Amino acid sequence: MIDRYTPECMKKLWSDEARYERWLKVEFAVMESYEAYGLIPKGYSDLAKKNAILDDEKISEVEAQVGHDVISFVKVATSKMGDEARYFHYGLTSSDVVDTAFSMAIVESAKQIISKIDDLMNSTFTLAQRYKHTPVIGRTHGVHAEPTTFGLKVLNWYDGISRGKERLTAEIKKIGIGKISGAVGNYANVPPEIEKLTCEKLGLAPANISTQILPRDLHASYITALAIIGSEFERIAIEIRNLQRTEIREVQEPFTKTQRGSSAMPHKKNPVNCERIAGLSRIIRGYALSAMEDISLWHERDISHSSVERVIFPDATSLIYFMAEELNRMIKGLVVDEKRMRSNIYMTGGLVFSERVLLKLIENGMSREEAYLIVQKASMKVWNNESATLKEALGAYVGDINLDDAFDLSYYLKHVDDIFKRFEGRN
C-alpha cells in the first residue's frame with residue numbers, strides 16, 4: 001500500500017491491528033456459539049473478552065520465533081487468560097478465523113467504496129443535467145460523426161458508474177460468507193450449528209461447502225468487479241483527456257491557480273489526474289488476473305494464495321476508493337467550453353449532417369445507392385477543400401431539392417429529454 005494512493009480509512013481497515021481485532025471477533029463469536037449449545041462452560045466467552053490481549057507488536061515478536069501468524073495471535077491473545085483459554089480457538093483451524101475475518105474486511109471495504117461511488121454518481125448526474133441540451137459533436141474512430149449533447153455523453157458515464165455500484169453490491173452478498181468447519185471443511189471438530197450461529201453473530205452467511213478455506217473464485221469475482229469499475233473510471237478519464245487536447249479543447253480537468261503543468265513549459269495544462277486514473281486502472285486489472293490465479297490450489301488448500309491476497313486486496317480496494325474520490329473532484333470542477341463545442345460541430349463545413357441529407361434525398365425519390373454516392377462525392381469535395389460547405393457542394397447534384405432542414409441542429413436533440421426520463425428517480 002503506497003501512502004500516495006491510500007486513503008486513511010483503507011489504511012486503517014487493512015492494518016494489522018484491525019486484522020487482529022477481526023480475528024478476535026471471530027474467536028469470541030465461536031466461543032459464544034459453543035456456550036449457546038452448552039459445549040463449553042457458561043461465562044467463558046465473557047472471561048475471554050475481559051482477559052484477551054491484543055498487541056500487534058507482541059504478535060510480531062512471537063511470529064518471528066514460531067513462523068505462524070495465527071499461532072502467534074492465539075499465544076498472545078490468551079497469555080493473560082485463565083481456564084477459559086482452553087476453549088479459545090477450540091476445534092478451529094487457522095483459516096476458520098482468517099477467512100471469516102477476511103470476508104468481514106472485504107464486505108466493509110465494499111461498503112466504503114460504494115459510499116464514494118454514490119458521491120461520484122451524484123456529481124456526474126448533476127453535470128449531465130447541467131449540460132443536458134448543450135450540443136457537442138459525437139466522434140467515432142476519433143472522427144466527427146453526428147451531433148449529440150454533452151449531457152448525454154455524461155449521462156452515459158453516470159450509467160456506467162451505476163452498473164459498477166450494482167456489481168459491487170452483488171459482490172457483498174457473494175463474499176459475505178464465513179466458514180467454521182475445521183481443517184478440511186468436514187466439521188470433524190466443530191459442529192455445523194456452531195458455524196451457522198457464529199456467522200449469524202458476525203453478519204455473514206455460512207458457506208455452502210468449504211475445504212480448509214473458502215473457495216477463491218469468490219475473491220476473484222470481487223477483484224474482477226473492482227477491475228471493471230476501474231476500467232469504467234478509465235473510460236471517463238480518457239474521454240476527458242481526449243476532449244482536453246489542444247485541437248479539441250471542449251473540456252478541461254480542474255487546474256488550480258498555484259498548479260504548474262510542466263517544469264519546462266509554463267503554458268502547459270496537462271490532464272495529469274485523468275492519466276493517473278488510467279494508470280491505476282491498469283494495476284487493478286492486473287490484480288484481477290492474480291486473483292484468478294489463486295482459484296486453483298492443491299487439494300483442500302495450499303498457501304500460495306495468501307501472499308497474493310495480502311498485496312492485492314489492500315491495494316485494489318484503496319486504489320478504487322482513491323480513484324472514485326479523484327474522479328469525483330474532477331467531475332465537480334470540470335471546465336466546459338460550450339462555445340468551443342458548438343464551433344467544433346461546424347468546423348467541417350456541415351459534413352456531420354451527411355446522413356440527414358442522405359435520408360432527405362431518399363425521401364425525395366432517389367434510391368439509397370444513388371443518394372449515398374451523391375452525398376459522398378459532395379463530402380469528398382469538402383474534405384479536399386474544393387468546397388467550403390457540404391450544402392454548397394451538393395448544389396451541383398441535387399437540383400431544386402430543398403435541403404435546408406437537413407442542416408438543423410435541433411433535429412439531433414429531439415429525444416434528449418426522453419432519454420433522461422429513463423433515469424428519473426435513480427439518483
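Student: Which residues of helix 4 meet helix 5?
Tutor: On the helix 4 side you have Lys-58, Ile-59, Val-62, Glu-63 and Val-66. They meet Asp-69, Ile-71, Ser-72, Phe-73, Lys-75 and Val-76 of helix 5. Keep in mind that this is a predicted model.

Student: At what angle do helix 4 and helix 5 cross?
Tutor: Roughly 130°, and their axes come within 8 Å. Helix 4 covers residues 56-66.

Student: OK, on to helix 14 and helix 15. How far apart are their axes?
Tutor: The axes are 8 Å apart, and the two helices pack at about 135°. Helix 14 is residues 368-383 and helix 15 is residues 390-398. The crossing of helix 14 and helix 15 is right-handed.

Student: Which residues make the contact there?
Tutor: Helix 14 brings Ile-374, Val-375, Lys-377, Ala-378, Ser-379, Lys-381 and Val-382. From helix 15 come Leu-390, Ala-393, Leu-394, Tyr-397 and Val-398. By class, the contact of helix 14 with helix 15 has 9 nonpolar, 1 polar and 2 charged residues.

Student: How do helix 9 and helix 11 pack?
Tutor: Helix 9 (residues 217-243) and helix 11 (residues 304-332) sit at an angle of about 30°, with axes 10 Å apart. Anything under 35 degrees counts as roughly parallel, so that is what helix 9 and helix 11 are to each other. Their crossing is left-handed.

Student: And which residues are involved in helix 9 and helix 11?
Tutor: In helix 9 they are His-219, Tyr-222, Ile-223, Leu-226, Ile-229, Gly-230, Phe-233, Ile-236 and Ile-240. Those meet Glu-309, Ile-312, Phe-313, Ala-316, Thr-317, Ile-320, Met-323, Ala-324, Leu-327 and Ile-331 in helix 11. The contact of helix 9 with helix 11 divides into 15 nonpolar, 3 polar and 1 charged.

Student: What about the second largest pocket, how much space lies in it?
Tutor: About 580 Å³. There are 27 residues lining the second largest pocket, and Arg-19, Asp-69, Val-98, Ser-306 and Arg-310 lie nearest its centre. Asp-69 also came up in the contact of helix 4 with helix 5.

Student: Which helix has the largest share of that lining?
Tutor: Helix 6, with 7 residues in the lining of the second largest pocket. Helix 2 (16-36), helix 5 (69-77), helix 6 (94-130) and helix 11 each supply at least two residues there.

Student: And how many of the second pocket's lining residues are charged?
Tutor: The lining of the second largest pocket has 10 charged residues, along with 10 nonpolar and 7 polar.

Notes
Residues are numbered from 1 along each chain as its sequence is written. This is a predicted model: local features need pLDDT of at least 70, side-chain atom pairs count only at pLDDT 80 or more; totals for chains, interfaces and linings use all residues. Side-chain values use heavy atoms; hydrogens and water are left out. Axes are lines fitted to C-alpha atoms, for helices over the stretch in contact, and angles run from 0 to 180 degrees between N-to-C directions. Helices (H or I, at least four residues) and strands (E, at least two) are DSSP runs, numbered from the N terminus. Angles under 35 degrees count as roughly parallel, over 145 as roughly antiparallel, 65 to 115 as roughly perpendicular and the rest as oblique. A crossing is left-handed if the near helix is turned anticlockwise from the far one by less than a right angle, and right-handed if clockwise. Contact means heavy atoms within 4.5 Å. Ala, Val, Leu, Ile, Met, Phe, Trp, Tyr, Cys and Pro count as nonpolar, Asp, Glu, Lys and Arg as charged, and the others, Gly among them, as polar. On a 1 Å grid over the protein atoms alone, a cavity is a set of points where a 1.4 Å probe fits but cannot get out, and a pocket is an open set with protein on both sides within 12 Å along at least five of seven lines; lining residues have an atom within 4 Å of a point. Grid points are joined across faces, edges and corners, and a volume is the space filled by probe spheres set on the points.
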